[in-house]
Amino acid sequence: GARFFPVLPTSGTTLISTDSARANRVYRSKQGQPEAVPKLNFNEVGRRNKAILGMSPLQLANLIWKDDGIFTLSGQGGDEAGSGFVEDELDPTAQLRASPTLVLLNNTAIGFTSQGVLQAGQGEPVILSRPQVETALLRIAQFSLFSTLAHAVGYESDRKLILCVPETAADSTCTIAYVYNYGTNSWTTWRKPIAAAH
């Protein structure tokens with residue numbers, strides 16, 4: 001403790017630690033130095049009390065998925081104050097319901113949100129589950145274990161999104177997969193237990 005300033009005591013509560021971490025911050029490293037992250041190299045995205053649930057690196061921007069919507073972070077360079085990076089609100093109405101359902105596919109991000117299966121990229125977000133499977137998926141999303149069990153995987157060479165979910169409230173693993181083919185814009189189901197996918 002003597003190597004710190006102020007010197008750390010061995011007992012008592014005379015020193016109180018503070019934490020500068022925020023649930024809505026995205027920290028950036030120095031260019032070409034991923035291990036060097038200056039403490040002022042951050043952007044605050046959305047409301048402070050809403051945590052970042054997932055991020056999707058696309059070709060022209062990063063999509064940031066939070067409880068208060070979907071945001072983009074884009075720009076060139078970036079100095080200590082972060083003036084080279086800009087965060088914008090993409091869709092304030094979509095909340096990611098299960099982080100493991102967030103996948104990259106065809107330079108877009110797809111995840112299960114409060115609106116259903118939503119695809120976000122450089123333009124306006126599109127709901128993929130409407131109308132074909134939306135009713136079934138929104139019913140399944142009400143299960144208590146949904147956000148813990150649901151997961152997805154992108155199968156780029158086959159142009160598929162494979163969304164694995166429990167079929168009943170009693171299921172302790174995913175027992176059905178809703179498979180979306182973005183080449184044909186159609187859905188199908190696979191009935192099989194799927195605990196993980198890669």
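**Contacts, sheet and cores in a predicted model**

Q: In this predicted model, what share of the contacts in the protein chain with a separation of 6 or more comes from residues 24 or more positions apart?
A: The count takes in contacts in the protein chain with a separation of 6 or more, in a chain whose secondary structure comes to two helices and 14 strands. Within that set, the share that residues 24 or more positions apart account for is 39%.

Q: Which strands of the open sheet stand at the edges?
A: The open sheet is formed by four strands, paired antiparallel, in the order β3-β4-β5-β6. A strand with a single partner has one side left without a neighbour in the sheet, so the edges are held by β3 (52-57) and β6 (85-91).

Q: Which residue in β4 is the bridge partner of Gly-54?
A: Strand β3 runs antiparallel to β4 (residues 62-66), and five bridges join the two. Gly-54 takes part in this pairing, and its bridge partner in β4 is Trp-65.

Q: Which elements give two or more residues to the largest nonpolar core?
A: This core has 22 residues, and those touching the most other members are Val-117, Phe-146, Leu-161, Val-165, Tyr-178 and Trp-187. The elements that contribute two or more residues to it are β7 (103-105), β8 (108-113), α1 (134-140), β12 (160-165) and β13 (174-181).

How values were computed
Residues numbered from 1 in each chain as written. Predicted model: local features only at pLDDT ≥ 70, side-chain atom pairs only at ≥ 80, totals over all residues. Heavy atoms only, no water. Pairing = 2+ DSSP bridges. Core = buried A, V, L, I, M, F, W, Y, C linked by side-chain atoms within 4.5 Å. Buried < 20%, exposed > 50% of the residue type's maximum accessible area, 1.4 Å probe, protein only. Contact = heavy atoms within 4.5 Å.
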